Amino acid sequence: MPTLVLRGQIFTGDEFIENGCVIIDQSKGTIAEAGRKGEVNEPENAHVIEIEGSTILPGLIDAHMHFFGAKKYDIVEWLTTPETLVALRSVADARKLLKAGFTAVRDLGSKAAPYLKQAVDEGVIDGPRIVQAAKSLSQTGGNDDVPILPIEMSEQLSYSYYCDGPWECRKAVRKIVRDGGELVKVYASGSMSQGTKIRRQFTLEELRAIVDEASSVGMKVAAHAYGEEALMNSIEAGVHSIEHGIGLTSKIAKEMHRREIFYVPTLSAYLAVKPRTEEQIKLTQRHLSEDLDMAKQFQVKIVSGSDFVGCDTEPHGQNYQEIVALSKYLGNKEALVAATSRAAECCGLQNTGRIKKGFDADIVIVRGNPLDDPQALAPLNIVNVLKRGKLIRSS
Ligand SMILES: [Zn+2]
């Protein structure tokens, strides 16, 4: 069997090993053994790569992103860019993500993701493995409804299904299943992209219907939620992850910890977009300090997700910026956990996110040590990427 041995310092997704060794079974695409050098059996005649001055770590995971294939941060452009152009740009974005060390991503709402996933899985294009929600769910007049367009046109172009009332919400979940979505993304509140005052969207009854319908087919729900009411409704409805979570209180953080709900704060999206109103400035400042402190204090499971959409201010390939942003609050090691082992758990990926025996050989090798400086994860420091044991690039 073709065997590849990597020797060097390792971050396993949980801990750092200074003198480590990873044995990769390339025919299976899995890790045959990993651990301290001398404690693992290195097969004879294997191809050995000595990694010096670099670090071996699990492939990075972005747990919240979108393949929008748009140039600008502008909802009308996101809705109206021709789908063929979106697809072509997304193919380039998928390749950039993989070369930047991202071996898995979770797309939380786009028109392209189910087909992009299929093309990656078929081996037609290079890209990270994709977990995707297909279209998201929004109420009428909600987050992705563009009021300057006639409603039928807005709904037809939107990357969300509009639904109101528990039965329409259940039907929308069934459409996601039909589209091949693997989880459900719901807008439980407004957001800053429309510049509106932040209010809850969907009622608790509607959110409960969505979670119930999703769980009947084994799907989890990710809730975009700003503000106490939307956060509390989402938690009570039983969602799997809270996205953004602006306005986290101690009561909410405590409940998230108790129910083991993942938290994807998407800091880099707020660092990339300039807030436009007084209220937005206040919410952003609060998010970049208090919300994270609150989550940390109550040991909420924080996960790395950039919310990058692939436009000029949020280019795919630069998604490591979220890990850098998280490291300022969590420290370098916890930020790496948030982007590897914990991100895999949040995305429902069983066999990736760790350098561990039996896991898929999804690995990134970076110059320097990201435990000392997370800038080591910047694309120019990527030495090589392995996806299921296959070398993607060499520099
Ligand atoms: Zn998003």
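Predicted model: local features only at pLDDT ≥ 70, side-chain atom pairs only at ≥ 80, totals over all residues.
Strand 5 (60-65) and strand 6 (residues 102-107) pair in the parallel sense over four bridges. Strands here are DSSP runs of E with at least two residues, and helices are runs of H or I with at least four residues, numbered from the N terminus. Two strands pair if DSSP finds at least two bridges between them. Within this pairing, leucine 60 has phenylalanine 102 in strand 6 as its bridge partner.

Residues are numbered from 1 along each chain as its sequence is written, and side-chain values use heavy atoms, with hydrogens and water left out.

The two strands belong to an open sheet of three strands, in the order 5-6-7, with parallel pairing. Its edges are strand 5 and strand 7 (129-132), each of which pairs on one side only. On average, neighbouring strands of the sheet are turned by 15 degrees against each other, direction ignored. Such angles run from 0 to 180 degrees between N-to-C directions, with axes fitted to C-alpha atoms, for helices over the stretch in contact. Helix 3 (residues 113-122) lies across strand 6 and strand 7, and runs at about 150 degrees to strand 7.

Which residues coordinate the zinc ion? They are His64 and His66, each through NE2, and Asp307 through OD, at 2.1 to 2.2 Å. Donors are N, O and S atoms within 2.8 Å of the metal, or 3.2 Å for Na, K and Ca; water is not among the atoms, so sites may look incomplete. Along the chain, the donors follow the spacing H-x1-H-x240-D. Histidine 64 in strand 5 and aspartate 307, in the loop between strand 14 (301-302) and helix 11 (321-330), are 243 residues apart. Both histidine 64 and aspartate 307 are buried, where buried means under 20% relative accessible area, exposed over 50%, and partly exposed in between, with a 1.4 Å probe and protein chains only.

Leucine 248 touches, among others, Leu231, Met256, Tyr263 and Arg286, not counting residues up to four places away in sequence; contact means heavy atoms within 4.5 Å.

Finally, there are two hairpins. Strand 2 (residues 16-25) and strand 3 (residues 30-36) pair in the antiparallel sense over six bridges, with valine 22 opposite alanine 34. Four residues lie between these strands, and glycine 29 in the turn has a positive phi of about 75 degrees.

In the other hairpin, two residues separate strand 16 from strand 17, and arginine 388 in the turn has a positive phi of about 45 degrees. Strand 16 (residues 382-387) is mostly covered, with five of its six residues buried. Strand 16 is also joined to strand 15 (residues 363-367) by four bridges, antiparallel. Leucine 386 stands opposite isoleucine 363 and opposite leucine 391 in strand 17.
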